[in-house]
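Please look through the sequence and the model below before reading on.

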Amino acid sequence: MAATDEIIMEEVAAGKVHRLSLLYDRYKAPLLGFLINRTHQDRATAEDLLHTTFERVIKYRKSWQPGSTFKTWIFTIARNAHRDHCRLQGRMPIDDNFEFSRLPLEEEESYPDCRHALAALPDNYREVVELAWQRNMKYADIATVLNTTEANIKVRMHRACKQLRHNYHKNQS
């Protein structure tokens, strides 16, 4: 049976840093997609931030709390790495020109209005939608990543869905 992410992270925290390669393999693609969205499709910067994220995992491995969810912890680190990068660049992390990663060509041709409806959401709604729908995170985990309450995430998701419906139907007209 394969070890869970949390057990592997406990081993990393205990000094078996080589075990981090397993977590890197599991989380490289989802974190890179998350960071590409945050950097407005700037893959080079997203890759740099991905490496910064894993450097921070190594640096702060002793702060890992057994019983925590690794996925939540690492996405929080990635989000903070992006925020720090933006502060150094003198920019806000997400703006109204944000666009989700491009869908594969065949899907994009079938659902262009969905992509536009998502891109038109305010940044605080897009972030919740992406973490829930594209990264399959639970509301409690999203609340942890975004440093807010689960109730707030539920409200944002409700409002985001309402706005998505409006944006989609507006694009259909």
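Of the 173 residues in the chain, 40% are buried, where buried means under 20% relative accessible area, exposed over 50% and partly exposed in between, with a 1.4 Å probe and protein chains only. This is a predicted model, in which local features need pLDDT of at least 70 and side-chain atom pairs count only at pLDDT 80 or more, while totals for chains, interfaces and linings use all residues. Residues are numbered from 1 along each chain as its sequence is written, and side-chain values use heavy atoms, with hydrogens and water left out.

The secondary structure comprises 9 helices and 0 strands, helices being DSSP runs of H or I with at least four residues and strands runs of E with at least two, numbered from the N terminus. The accessible surface of the chain is about 9,900 Å², and carbon and sulfur atoms hold 50% of that surface; such areas come from the Shrake-Rupley method with a 1.4 Å probe, and for residues only the protein chains shown count as cover. Among the contacts in the chain with a separation of 6 or more, 62% are accounted for by residues 24 or more positions apart, a contact being heavy atoms within 4.5 Å.

Helix α2 (residues 20-38) bends by about 50° at Y27, and a proline, P30, follows within four residues; the bend is the angle between axes fitted to the seven residues ending at a position and the seven starting there. The buried residues of α2 include L20, L23, Y27 and L31, and their cover includes α1, α3 (43-59), α4 and α7 (123-134). Just after α2, H40 takes a positive phi of about 60°.

Leaving aside residues up to four places away in sequence, D5 touches L23, R26, Y27 and F70.

Helix α4 (residues 70-89) and helix α8 (residues 139-146) have axes that come within 8 Å and cross at roughly 35°, where axes are lines fitted to C-alpha atoms, for helices over the stretch in contact, and angles run from 0 to 180 degrees between N-to-C directions. The contact is made by T72, F75, T76 and R79 of α4 together with D141, T144, V145 and L146 of α8.
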